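Visitor: I would like a close look at one part of this protein. Please start with the overall fold, then go in.

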Amino acid sequence: MLKDYETARNRGHAGAVYRIKPPDAVTVLTIYLVLLIAIPSDQRVGALGGAGAPAGLFAVASLLWWGWHHLRHPQTRLTRRLQPVRICLVVFCGAVLASYTVASLSARPDSDIGVADNGLIRVAAFAGVLLVANDGIPNHERFILLVRRLSLLGGLYALLGLVQFFSGLSLVDMIQIPGLTASSDGEIVARAGFVRAAATASHPLEYAMVLVMALPFCLTVAIYDKKRAWLLRWFPVAAITLSSVLSVTRSALLGLAAVILILVPTWPSAVRRVMLASFGVVLVMVYVLVPGMMGTIIGMFSGEDSSVASRTDGYGTALAYIGVSPLFGRGFGTFLPSYRILDNQYLGSAIELGLVGLAAFFSLLLLSVVVSFRGRRRQRSPVMRAMGAALAASLIGGAMLTAFFDCFAFPQACGMLFLVIGMCGSYWNLARHPELDTIGGGT
């Protein structure tokens, strides 16, 4: 900026005013990530209920920004290209609108109608962050910068969880933001005598999903992005891995295993040996430094658990609700916990959006994984080629954990899910056309 000003002054334009470029999509998405992770998940604008999370409101504003740009620039190279992820999003949003129409035309309690209205705001937030990520990242450098920032935020998020685990203190309950109300008291929960950390999430499962989805990016940056300092690269990996093992949550451990199984075959053999040995060292450290933790982990998978029985017992209830409106469901967000807690977003989506909406959601997830793997073939730099596997691993891990709780009811979980889907679409775009006309004024 100063260089451009000096050049203008030397040319006789001392009164020239340097125009500051507007923020690009990477800056907007960084702000979104900070709002999503730094602000406690249960704090929101009270009058808006579940749609009042600050990150969600910012995402809705991002959707308006995205629409404003395309109204001003209706014909760009990007809009003329095939956009598979964006097409699937349109189909998913169409299914949501169809379910909303069914809810509006059917006899429903007033509470259900109000929740359905809020549901549209939440879906607009999903679409906003996905579209900005899909259409707005202008080049490989900005894409890598966003991943670096996501990795660092994920490491700090995991570090807060570790502090909670070892101190037994929530710390989050001390965060009071004017204008926001908390839906819980931030009380720490425990299992088998161990603290179940949640960082700023409202539930340990939401915390686990964010960790699992961030880990592939942290690993990829640590292994391939050697321009950064060693500590900045490996601190997030260590923090997230240790937090996942100490989370006392089956979902986190299953997601961690899925991520490792997907990424290991893509690593060079030397890196593979070192990383597998490192994970073994982490397990030994946990065994030595946290007595009883390994036995608790083994017991979670070998013994009977009431949470598993609760999930399986809900299948009959879910089928009964699906049978009432099998195609388009009863309305997004209208299957309230007062009816039944299913702890399975896919079953919940089948009830709320019908089989059409469930198929659209599955298609969005599956196609995003496919374009991530296919985009790897066109990438030349090792770090960008590795990002394809990282995106796929992150999304598969997130999709797996979505089957273990009501993901759409938790802002951090669904926010990360749709952000990564948008990044998959951006990766596909950059693989086919490395420099694009994107929203926000470029770099």
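Visitor: Among contacts in the protein between residues at least 6 apart in sequence, what percentage join residues at least 24 apart? After that, take me to the packing of helix H7 and helix H8.

Guide: This is a predicted model. Of contacts between residues at least 6 apart in sequence, 80% join residues at least 24 apart. The protein has 15 helices and four strands. Of its 443 residues, 52% are buried. The accessible surface comes to about 19400 Å², and carbon and sulfur atoms account for 66% of that.

Now the helix pair. H7 spans residues 204–224, and H8 spans residues 230–245. They pack at an angle of about 145 degrees. Their axes lie 8 Å apart. The crossing of H7 past H8 is left-handed. On the H7 side, the contacting residues include Tyr207, Leu211, Leu215, Cys218 and Ile223. On the H8 side, they include Arg233, Trp234, Pro236, Ile240 and Ser244.

Ser99 sits in helix H4, residues 84–105. Ser99 counts as buried because its relative accessible area is 0%, under the 20% cut-off. Leaving aside residues up to four places away in sequence, Ser99 touches Phe328, Arg330, Gly331, Phe332, Glu352 and Leu353.

Val284 belongs to helix H10, residues 269–289. Its relative accessible area is 52%, over the 50% cut-off, so Val284 is exposed.

How values were computed
Residues are numbered from 1 along each chain as its sequence is written. This is a predicted model: local features need pLDDT of at least 70, side-chain atom pairs count only at pLDDT 80 or more; totals for chains, interfaces and linings use all residues. Side-chain values use heavy atoms; hydrogens and water are left out. Helices (H or I, at least four residues) and strands (E, at least two) are DSSP runs, numbered from the N terminus. Buried means under 20% relative accessible area, exposed over 50%, partly exposed in between (1.4 Å probe, protein chains only). Contact means heavy atoms within 4.5 Å. Axes are lines fitted to C-alpha atoms, for helices over the stretch in contact, and angles run from 0 to 180 degrees between N-to-C directions. A crossing is left-handed if the near helix is turned anticlockwise from the far one by less than a right angle, and right-handed if clockwise. Accessible areas come from the Shrake-Rupley method with a 1.4 Å probe; for residues, only the protein chains shown count as cover.
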